[in-house]
Amino acid sequence: MVSKITREGTDGIMTEAFNLILSYRKNLEMKLDPMRYEHSLSVSYSCMSLAMCHGCDLEKAELAGLLHDCGKRYSDDIILKKCKKHGILFSPEEEEAPAVLHANYGAWLAKHKYGVSDPEILSAILYHTTGKPEMTLLEKIVYIADYIEPRRNKADNLPSIRALAYKDLDETMYRILKGTLEYLDRKSGKIDPITLKAFEYYQELHRKQALKQVMSSDEEESDA
Ligand SMILES: [Fe+2]
Ligand SMILES: [Fe+2]
């Protein structure tokens with residue numbers, strides 16, 4: 001743990017919340033491998049950036065982003081064992097595709113080891129790999145920041161997804177989930193049922209939005 005900073009910064013940023021963030025960073029730097037730690041910082045900053053754009057609580061966004069992968073400190077096998085040991089709930093599908101289990105373990109760690117009690121932050125950590133229908137603003141921000149953070153470079157569609165994320169979070173969810181399902185289908189990977197439900201939910205929003213646009217353009221033409 002870092003010692004508490006008591007001197008005010010030039011912009012008065014040395015708040016209790018910031019001291020907590022500094023102590024979490026120090027801890028994660030020791031617990032995670034260097035690239036995972038860099039990714040966690042990058043997701044945290046991306047969460048704050050999206051939070052500023054979409055009117056979400058900045059402190060919650062920073063904390064949820066920083067801790068989202070705190071469970072990814074062990075191999076999948078060990079994480080499965082830890083989940084069983086601590087009575088952490090997971091589905092049979094998650095046991096079959098244990099790469100997602102670090103989210104369940106991470107939400108447990110955030111609550112029991114890092115002392116996070118805010119259910120919204122814990123839920124954002126829990127659903128950051130699978131998504132779910134009707135996500136809260138913070139849940140969508142963490143899920144999307146994890147995909148678009150500046151150090152990501154694998155997905156072909158990143159430039160357009162990044163631009164979209166600052167305009168429409170629901171449409172961004174649809175695009176990311178669609179790409180994820182297509183990828184898993186190509187690789188014959190296991191699809192978590194909750195990810196499928198999340199896709200169906202955001203696909204429906206996408207269809208409604210598209211229909212609204214067609215109808216409003218029809219109205220404009222008939223007015224002309
Ligand atoms: Fe993750
Ligand atoms: Fe991540």
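1. A helix crossing is called right-handed if the near helix is turned clockwise from the far one by less than a right angle. With that in hand, here are some notes on this model, which is a predicted one. The crossing of α3 and α7 is right-handed.

2. Let's stay with that pair for a moment. Two packed helices are described by the angle between their axes and the distance between the axes. Here, α3 (residues 58-67) packs against α7 (residues 119-126) at about 35°, and the two axes are 9 Å apart.

3. Which residues in α3 and α7 meet? From α3 come Lys60, Leu63, Ala64 and Leu67, and from α7 come Glu120, Ile121, Ala124 and Ile125. By type, this contact holds six nonpolar and two charged residues, with no polar ones. As a reminder when you look at the spacing, an α-helix has 3.6 residues a turn, so residues three or four places apart point the same way.

4. Beyond its neighbours within four places in sequence, Leu67 is in contact with Tyr24, Gly106, Ala110, Tyr114, Val116 and Ile125. Gly106 and Ala110 from that list are also among the buried residues of α6.

5. That brings us to α6 (residues 101-112). This helix has twelve residues and spans 17 Å from its first C-alpha to its last, close to the 16 Å expected at 1.5 Å a residue. Is α6 mostly covered or mostly uncovered? It is mostly covered, as ten of its twelve residues are buried; among them are His102, Tyr105 and Trp108. The cover over the buried residues of α6 includes α3, α4 (76-85), α5 (92-96) and α7.

6. Now for two loop residues. Ser75 sits in the loop between α3 and α4. Why does Ser75 count as exposed? Because 11 other C-beta atoms lie within 10 Å of Ser75, and a residue is exposed at 12 or fewer. Although Ser75 and His102 are 27 residues apart along the chain, their C-alpha atoms are separated by 9.1 Å.

7. Finally, have a look at Glu134, in the loop between α7 and α8. Glu134 counts as exposed because it has 10 C-beta neighbours inside 10 Å. Its phi is near 50°, a positive value in a residue other than glycine.

Methods:
Residues numbered from 1 in each chain as written. Chains lettered and ligands numbered in written order. Predicted model: local features only at pLDDT ≥ 70, side-chain atom pairs only at ≥ 80, totals over all residues. Axes fitted to C-alpha atoms, helices over the stretch in contact; angles between N-to-C directions. Helix = DSSP H or I, 4+ residues; strand = E, 2+ residues; numbered from the N terminus. Contact = placed C-beta atoms within 7 Å. Nonpolar A, V, L, I, M, F, W, Y, C, P; charged D, E, K, R; others polar. Expected span 1.5 Å × (residues − 1). Buried ≥ 20, exposed ≤ 12 C-beta atoms within 10 Å, placed from the backbone.
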